Amino acid sequence: MEGLKEIAHAKEFDGVVVKTSTETELTKICRMRGCVESQDPLAKEADDLMIRRFLRARDLNVEKASALFLKYLKWRRMFVPNESISASEVPNEIAQNKMFLQGFDKKGRPITLVFGARHSNRKLYCEQVPLHPVFLCLLCSDKILLLDAGCHLGQEKFVVIGDLKGWGYSNSDIRGYLGALSILQDYYPERLGKLFIVHAPYIFMTVWKIVYPFIDNNTKKKIVFVENNRLKSTLLEEIDESQLPETYGGQLPLVPIHDS
């Protein structure tokens with residue numbers, strides 16, 4: 001069947017080996033590249049991995065993927081012209097010490113841990129807030145590139161554990177959640193491998209009902225609410241104990257994301 005047959009395809013882009021693609025994907029990568037490069041010269045800097053992520057985010061629809069990609073390029077010029085954000089640009093967010101980046105799951109995807117109860121919305125909405133998820137994505141992308149140079153060639157995604165223990169309405173930030181969601185879905189598509197939501201309190205579901213309709217179908221499939229009595233066993237299904245954070249009974253100490 002067209003689109004299912006895997007073919008050997010290895011091509012170098014900045015030292016990263018493009019993972020095997022289907023024949024249909026390879027054809028559409030070429031079509032999309034021609035489309036976006038004719039409309040925005042910045043598109044020439046994108047490798048085939050990036051083009052393929054946008055295609056997959058739109059179910060290989062070249063027109064829709066091209067529109068999303070051109071939207072990304074416009075956003076990038078405004079917010080991340082150098083494809084780099086330092087911790088000094090998001091000091092208030094960093095000071096909350098709510099994000100950690102450590103370990104890999106069994107598929108070789110970097111793991112990020114986020115403590116929702118450490119988030120404060122009192123100083124919102126400053127210019128740093130929309131940059132923080134970008135900072136996270138760039139750090140994870142850098143770690144993925146290092147991984148690509150090792151034994152897990154072609155890995156493109158990361159895993160997030162969202163810990164809501166102690167979360168309350170004082171931590172609720174619907175505008176921030178929707179902003180981060182938009183950045184992840186529209187500008188870093190197909191980067192999220194899985195999101196585990198743990199220790200979710202009942203009151204969180206009120207906010208969840210507001211946010212849920214804005215989550216695209218591809219992302220919804222990657223979200224797992226973990227039961228408290230099956231927390232460690234569920235995480236161990238995809239993360240070795242040596243790579244599981246100590247707070248969940250694993251062996252890995254937490255490392256603040258700005259120190260990773």
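**View 1. W208 and F225 make an aromatic pair.** W208 has 13% relative accessibility, so it counts as buried (under 20% relative accessible area; exposed is over 50%, partly exposed in between, with a 1.4 Å probe and protein chains only). F225, at 35%, is partly exposed. Keep in mind that this is a predicted model, where local features need pLDDT of at least 70, side-chain atom pairs need 80 or more, and totals for chains, interfaces and linings use all residues. Residues are numbered from 1 along each chain as its sequence is written, and side-chain values use heavy atoms, leaving out hydrogens and water.

The structure holds twelve aromatic pairs (rings of Phe, Tyr and Trp, the last by its six-membered ring, with centres within 6.5 Å; planes under 30 degrees apart are stacked, over 60 edge-to-face, the rest tilted). One of them is W208 with F225, edge-to-face at 5.1 Å centre to centre and 80° between the planes. The two sit 17 residues apart, W208 in helix α7 and F225 in strand β7 (DSSP runs numbered from the N terminus: helices are H or I with at least four residues, strands E with at least two).

**View 2. Here's an aromatic cluster.** F54, F69, Y72, W75, Y187 and Y188 form it together.

**View 3. Strand β4 is mostly covered.** Six of the six residues in β4 (110–115) are buried. On one side that's P110, T112 and V114, and on the other I111, L113 and F115.
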